[in-house]
Amino acid sequence: MAAEADILGELRELRARVPQITGALLASADGFVLAQDADGIETEAVAALTAAALGVGSRLTEATGRGPFLELLVRGTHGYAATYAAGRAGVLTLVADARVNVGRLHLEGRRCGARLGALVEAAARAAAPTAVPTVPPARRPDPEAPRPPLSPRPVRHPGSPGQWGPPVHRA
């Protein structure tokens, strides 16, 4: 992915702004790791679990009439795991210590998710094959090719009814 360096830069900047974040992971909606800046976590397993959580969260928001999925926060005794939508194709998962300011985590996670979503979608558009309309070249008749025979036309005589010529008056 051409934008991988930009995505990794975003994840690193996020961790610098919120030092209590111990891991940041961008995954596809189907559970594949796109980029990660995480210490001590099994990123492939977390990406797969994130996809499962995304599915459950999406169904929950639909069932309750709350609109499309935006984020999910899970709290454990040692800290938080937060998941944010990153465009239509990505999911940002952040792992943070228990002492993190949750409001700051949400603020930075939402902003970063929006930026990462734009980067992923731009990379997807750039990677998609572009349909270039092609116009076939004009075909010119080959002067050496034989010409098709002319179709016979009916011979029309003046004076016969419905034919060319002056009208015929019959008595």
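**Entry 1: ground rules**

I am working with a predicted model, in which local features need pLDDT of at least 70 and side-chain atom pairs count only at pLDDT 80 or more, while totals for chains, interfaces and linings use all residues. Residues are numbered from 1 along each chain as its sequence is written, and side-chain values use heavy atoms, with hydrogens and water left out.

**Entry 2: the sheet**

I looked up the strands first, taking helices (H or I, at least four residues) and strands (E, at least two) as DSSP runs numbered from the N terminus. Five strands form an open sheet in the order E2-E1-E5-E4-E3, and the pairing is antiparallel; two strands count as paired if DSSP finds at least two bridges between them. E2 and strand E3 (71–76) stand at the edges with a single partner strand each, so one side of each has no neighbour in the sheet. From one strand to the next, the twist averages 10°; for such angles, axes are lines fitted to C-alpha atoms, for helices over the stretch in contact, and the values run from 0 to 180 degrees between N-to-C directions.

I then followed two of the pairings. E4 and E5 pair over eight bridges in the antiparallel sense, and Tyr80 stands opposite Ala96 in E5. E1 and E2 are also antiparallel, over five bridges, and the bridge partner of Ala24 in E2 is Asp37. The hairpin of E1 and E2 has four residues between the strands, and in it Gly31 takes a positive phi near 95°.

**Entry 3: helix H1**

The 14 residues of H1 should span 20 Å, and the end C-alpha atoms are 20 Å apart, which agrees. In H1, the buried residues (under 20% relative accessible area, where exposed is over 50% and partly exposed is in between, with a 1.4 Å probe and protein chains only) are Ile7, Glu10, Leu11, Leu14 and Arg15. Seen down the axis of H1, they fall within an arc of 130°, so they line one face of the helix; the arc is that of the directions from the helix axis to the C-beta atoms. The face turned away from this buried side carries the exposed residues Ala5 and Ala16. What covers the buried residues of H1 includes E1, E2, E5 and helix H3 (102–127), where contact means heavy atoms within 4.5 Å.

**Entry 4: helix H2**

I repeated the check on H2 (residues 43–63), whose 21 residues should span 30 Å and whose end C-alpha atoms are 30 Å apart, which agrees. The buried residues of H2 are Thr43, Ala47, Thr50, Ala51, Leu54, Gly57 and Thr61. They cover an arc of only 135° around the axis, which puts them on the same side of H2. I recalled the general rule that an α-helix has 3.6 residues a turn, so residues three or four places apart point the same way. On the other side of H2, I found Leu49, Val56, Arg59, Leu60 and Ala63 exposed.

Leaving out residues up to four places away in sequence, Thr50 touches Thr83, Val91 and Thr93. Just after H2, Gly65 takes a positive phi of about 70°.

**Entry 5: salt bridges**

I counted a salt bridge when a side-chain nitrogen of Lys or Arg lies within 4 Å of a carboxyl oxygen of Asp or Glu, and by this rule there are eight salt bridges. Asp39 forms one with Arg15, the closest N and O atoms being 3.3 Å apart. Asp39 lies in the loop between E2 and H2 and Arg15 in helix H1, so the pair ties together parts that are 24 residues apart in sequence. Asp39 is exposed at 54% relative accessible area, whereas Arg15 is buried at 17%.

Which residues are linked in a network of salt bridges? I found Glu13, Arg17, Arg104 and Glu108 linked in this way. Arg17 and Glu108 have their closest N and O atoms 2.7 Å apart, and this pair links helix H1 with helix H3, 91 residues apart. Arg104 also forms a salt bridge with Glu108, at 3.3 Å, and both lie in helix H3, four residues apart, about one turn of the helix. Glu108 is buried, with a relative accessible area of 6%, whereas Arg104 is partly exposed at 35%.

How values were computed:
Expected span 1.5 Å × (residues − 1).
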